[in-house]
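Visitor: I am new to this structure. Please show me how to read its features.

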Amino acid sequence: MNKKSLPTLYWEDNCLYLLDQRYLPKKTEYRCCSSYQDAVDSIREMSVRGAPAIGITAAYGMVAAASEAIVNNYNSAEIKNFLQQASEALIKARPTAVNLVWAVRRMEKVFDRVQDNQPEEIFNKLLQEAKIIHEEDINNNRMIGTNGAELIPPKASILTHCNAGALATGGYGTALGVIRAAVEDGKDIHVFIGETRPLLQGSRITAFELYHDDISATLITDSMAGYLMSRNMVDMVVVGADRIAANGDTANKIGTYTLAVLANHHEIPFYVAAPISTIDIEIDSGDNIKIEKRSATEVTHFGGIATAPEGITVFNPAFDITPARLITAIITERGVVCKPEREKIEKLFS
Ligand code: MRU
């Protein structure tokens, strides 16, 4: 981000620092995670959120576990057990985004290679891998931006949902990466930001990012999207993803499916921007993606204030599935998959 560059996360002095996104835009405060359990709690409580960002956090969570093992003087078998315990807890922290398990598996592979070395060497190798995962994510987002910007007309009006920006990733963003790249190309675009109930990632985080980057943007409530589309105020929709099945069905923040149906009805292109690490080739279709259900208080309260009668029944799925047939294209770092389907998606991996 330009005016005040705030990293999503960084590792320093044996601690993972996360910009605590629960307090944005009011406070910019970093949460320090010196144990893997701190990383698990930060993911679960959404101090850090967004599929790539929680993957990177999990990778550093494994580094924190190695550091704990050194402090506790664990022997080789104890280190192995402890890291196993850490990887299980990190993977379970949030169930929908596949980046979490993807990052932990990469860290496990490194551990398998170096497990017979001295604890300090294990720690160094894990830290090196976490930093590579972090760096790669930023580079991939820049490529997603380059690939996606080509799809954006010079004066486009773009609707986005939730936050798929620098703060949902290692940096730069996926959906917002496409928007940033288009702006860097000199395009005179305008962004509509859906506020994204119940946790307002759109108004609290995307609006914060775009405002700080001086990118022309207007905040709307989620229920206004159809009206805007019916008035020809939206040229395209660009969103991120938490898990993409092999056939292109996409899990993303609750409300994404509604936007895709609306976009389809109004014949507006609907794009998903995501790195390859968000594609779960093992899962045939969106029917098999686990959707996280979150607590009722996210819906009944805001900032500690009740916005619904006590005792009301609440349903709070954090994500929904947009079927591939409603997606115009998936924008990845390896290219753009138009009219996504299994065969085309598999080619990204060859
Ligand atoms: O519940 P959240 O805030 O973690 O949900 C985030 C999203 O749905 C994002 O759109 C997705 O993770 C992509 S982030 C590049």
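Guide: Begin with a term: helices (H or I, at least four residues) and strands (E, at least two) are DSSP runs, numbered from the N terminus. Helix α6 is followed by Gly186, whose phi is positive, near 90°. This is a predicted model, in which local features need pLDDT of at least 70 and side-chain atom pairs count only at pLDDT 80 or more, while totals for chains, interfaces and linings use all residues. Residues are numbered from 1 along each chain as its sequence is written, and side-chain values use heavy atoms, with hydrogens and water left out.

Visitor: How many helices and strands are there in the protein chain?

Guide: The protein chain has eleven helices and 16 strands. Its radius of gyration is 20 Å, close to the 20 Å that the globule rule gives for 350 residues, so the chain is as compact as a globular protein of that length. The radius is taken over C-alpha atoms, and the rule is 2.2 Å times the number of residues to the power 0.38. Along its principal axes, the C-alpha trace spans about 65 × 50 × 40 Å.

Visitor: Into which domains is the protein chain divided?

Guide: Domain bounds come from an automatic or database domain assignment. Here they give domain 1 (9-142) and domain 2 (144-349). The C-alpha centres of the two domains lie 25 Å apart. Their contact takes 28 residues from domain 1 and 37 residues from domain 2, where contact means heavy atoms within 4.5 Å.

Visitor: What share of the contacts joins residues at least 24 apart?

Guide: Counting contacts between residues at least 6 apart in sequence, 74% join residues at least 24 apart. A case to look at is Gly55, in helix α2 (residues 51-71). Gly55 and Val101 are 46 residues apart in sequence, yet their C-alpha atoms are 7.3 Å apart in space. Leaving out residues up to four places away in sequence, Gly55 touches Asn99, Leu100 and Ala103.

Visitor: Is Gly55 buried or exposed?

Guide: Buried means under 20% relative accessible area, exposed over 50%, and partly exposed in between (1.4 Å probe, protein chains only). Gly55 is buried, with a relative accessible area of 2%. Across the protein chain, buried residues make up 57% of the 350 residues.

Visitor: How many residues of helix α6 are buried?

Guide: Helix α6 (residues 175-184) is mostly covered, with eight of its ten residues buried. Among them are Leu176, Val178, Ile179 and Arg180.

Visitor: Which residue has a positive phi although it is not a glycine?

Guide: Cys162 is one of these, with a phi of about 60°. Cys162 sits in the loop between β4 (157-160) and α6. Cys162 is buried, at a relative accessible area of 7%. Asn232 also has a positive phi, about 55°, and is not a glycine. The place of Asn232 is the loop between α8 (225-230) and β7 (236-239). At 70% relative accessibility, Asn232 counts as exposed.

Visitor: Where is a cis peptide bond?

Guide: Look at the omega angle of the bond. A cis peptide bond joins Arg197 and Pro198, with omega about 0°. Pro198 lies in the loop between β5 (190-194) and α7 (201-212). The peptide bond from Leu24 to Pro25 is cis too, with omega near 5°. Pro25 is in the loop between β2 (15-19) and β3 (30-33).
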